Amino acid sequence: MKLSTRDAAKYFQNPDPEGAGVLIYGEDAMRVALKRAEALKALLGENADAEMRLTRFSRADLSCSPGALVDAIRTVGFFPGSRVALVEDATDQVHSAIEAAAKEWKHGDAQIFVTAGQLRPASKLRKLFENQNNLRAAAIYDNPPTKDELQHAFELAGLKDIDQDCTTLLVDYSRELGPGDFQQLLKKIAIFKLGDEQPLSVEDIVVCAPESIEAALDDLLNIVAEGRPKDITLVLHRLIAQGTNPVAICIAVLRHFRTLYSIAADPKGLSSGLSQLKPPVFGFRRDRLARQVQIWRNEMLEAALHSIIDTDLTLRSASQTAPAMALVERTLIRLAMIGQRKNS
């Protein structure tokens with residue numbers, strides 16, 4: 001059975017204890033690994049490894065011994081509770097071994113969890129899990145987390161009663177950081193606030209947030225908005241070296257230009273537009289935003305937003321073949337050159 005994005009999120013939080021198993025696949029190995037870990041923890045609890053209720057197989061293991069998976073799902077351990085046979089980094093090469101185990105599976109056997117990279121629609125592995133009612137197939141996309149996924153992540157980290165400003169800032173970080181780095185940020189915040197009865201503040205988050213990616217992204221956003229195309233490549237390469245995703249960069253630029261547009265479109269003027277920002281901005285950053293808004297007219301900002309959205313859609317398109325970072329760089333340089341002409 002093929003799971004939609006919404007159904008997949010619910011499944012990872014509460015896997016079906018009566019199901020035969022699930023295939024979790026996607027281009028980003030870290031996102032796949034985090035969803036796999038979330039589902040395993042929800043189904044098996046904290047001590048599955050120690051209680052030998054989780055058996056792991058690599059693709060090479062099944063290639064050498066195809067029948068091992070059937071033996072694993074039938075084996076009953078000493079400890080009570082659900083059991084899982086996990087196949088990691090699977091491809092169609094081990095489809096036959098997994099199919100044999102799925103056909104032999106009976107109620108009470110260990111569930112079959114399979115993780116894989118990007119799989120084509122014609123993949124035998126995908127078809128096996130999508131076409132069988134007691135199996136699930138969940139695709140993991142390189143999209144920012146949804147509101148429900150963020151709320152679940154906050155709860156897992158032990159963060160409660162988060163106000164709107166803090167939520168907005170954490171949403172920004174979830175889009176700028178990789179999924180693993182964002183999980184680490186939430187854990188760091190939770191440890192930072194341990195024993196502190198005061199509500200979480202924006203300042204607490206900023207203290208815990210990684211500086212390198214945030215600083216480089218801020219530099220890039222300011223370079224584009226201030227019309228400095230010659231400086232883009234150097235900062236972009238810094239972000240690439242830090243492992244920043246092209247889609248994350250595109251989202252950050254889109255958010256920045258939306259901020260500029262909301263300021264410029266305020267009928268009460270520049271000062272009122274700046275005052276309406278959430279979370280609020282002060283000092284040098286406020287002055288810098290004001291200067292950037294003065295460079296861009298409303299119609300220019302509208303055109304810029306359309307250009308960024310088009311690039312974002314192209315990056316997410318299944319038919320997209322051009323290098324993703326090159327597409328982002330071209331769009332940023334084009335925007336900066338527009339700002340340069342206006343600023344000169």
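Which residues touch the most other members of the largest nonpolar core? In this predicted model, local features need pLDDT of at least 70 and side-chain atom pairs count only at pLDDT 80 or more, while totals for chains, interfaces and linings use all residues. Residues are numbered from 1 along each chain as its sequence is written, and side-chain values use heavy atoms, without hydrogens and water.

A nonpolar core is a set of buried Ala, Val, Leu, Ile, Met, Phe, Trp, Tyr and Cys residues joined through side-chain atoms within 4.5 Å; buried means under 20% relative accessible area, with a 1.4 Å probe and protein chains only. The largest such core has 41 residues, of which Leu220, Ile249, Phe257, Trp296 and Leu332 touch the most other members. Helix H13 gives the most to this core, with 10 residues. Helices are DSSP runs (H or I, at least four residues), numbered from the N terminus. A second, separate core of 30 residues includes Ala72, Ile112, Leu125 and Leu135.

Ile249 is in contact (heavy atoms within 4.5 Å) with residues including Leu217, Leu220, Val328 and Leu332, its neighbours within four places in sequence being left aside.

Aromatic rings of Phe, Tyr and Trp (its six-membered ring) pair if their centres lie within 6.5 Å; planes under 30 degrees apart count as stacked, over 60 as edge-to-face and the rest as tilted. By this rule there are two aromatic pairs. Tyr11 and Phe12 form an edge-to-face pair, 6.2 Å centre to centre with 75 degrees between the planes. The planes of Phe257 and Trp296 stand at 90 degrees, with ring centres 5.1 Å apart, so this pair is edge-to-face. Phe257 lies in H13 and Trp296 in the loop between helices H15 and H16, 39 residues apart.

Methods: Helices (H or I, at least four residues) and strands (E, at least two) are DSSP runs, numbered from the N terminus. Buried means under 20% relative accessible area, exposed over 50%, partly exposed in between (1.4 Å probe, protein chains only).
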